[in-house]
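Work through the exercises below with the sequence and the model side by side, and try each task before reading its solution.

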Amino acid sequence: MRRVALALCAIALLTGGCAQRIAESRVRSALLDAGLSRNNADCMAERMVDRLTIDQLKKLEGMKARRGESDKPTSLRDFVNRVRRVGDGEVVTVTASSAALCYTGLANEKR
């Protein structure tokens, strides 16, 4: 019985880790598609996946360009405005703070 419990715990840990890596990869891809640099996308994806739920991360799909907008945000302000569309204050706060910390390099100093 103990072996079964240990095996289930190991599977749960592996699955959780895989889900986190997949989520981080998807967030990174979305940020790259939104026009962010590779370094900023890497940094932000790591921070965002640690701080937001999967449901909140899925809300970021609402950042897609609307009719009349360029496919990629042309400025940080445009990017943050698109994030506001998701209608979740925590998503906006985490994304904006991650963008600021990663852009300035402060996020890397705290690691």
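**Exercise 1. Decide whether Cys 43 and Cys 102 are buried or exposed.**

Solution. Begin with the cut-offs: a residue is buried when its relative accessible area is under 20%, exposed when over 50%, and partly exposed in between, with a 1.4 Å probe and protein chains only. By this rule Cys 43 is buried, and Cys 102 is buried as well. This is a predicted model, in which local features need pLDDT of at least 70 and side-chain atom pairs count only at pLDDT 80 or more, while totals for chains, interfaces and linings use all residues. Residues are numbered from 1 along each chain as its sequence is written, and side-chain values use heavy atoms, with hydrogens and water left out.

**Exercise 2. Find how far apart the sulfur atoms of Cys 43 and Cys 102 are, and describe their link.**

Solution. A disulfide is a pair of cysteine sulfur atoms within 2.5 Å. The sulfur atoms of Cys 43 and Cys 102 are 2.0 Å apart, and the two residues form a disulfide; the count by this rule is one. The angle about the S-S bond is -75 degrees, and the link is left-handed. Because Cys 43 lies in helix H2 (residues 38–51) and Cys 102 in helix H5 (residues 89–104), the pair ties together parts that are 59 residues apart in sequence.

**Exercise 3. State how many helices and strands the protein has, and check the span of H2.**

Solution. Helices (H or I, at least four residues) and strands (E, at least two) are DSSP runs numbered from the N terminus. The protein has six helices and zero strands. For the span, multiply 1.5 Å by one less than the number of residues; the 14 residues of H2 should therefore span 20 Å, which agrees with the 20 Å between its end C-alpha atoms. Among the buried residues of H2 are Asn 40, Cys 43, Met 44 and Arg 47. An α-helix has 3.6 residues a turn, so residues three or four places apart point the same way.
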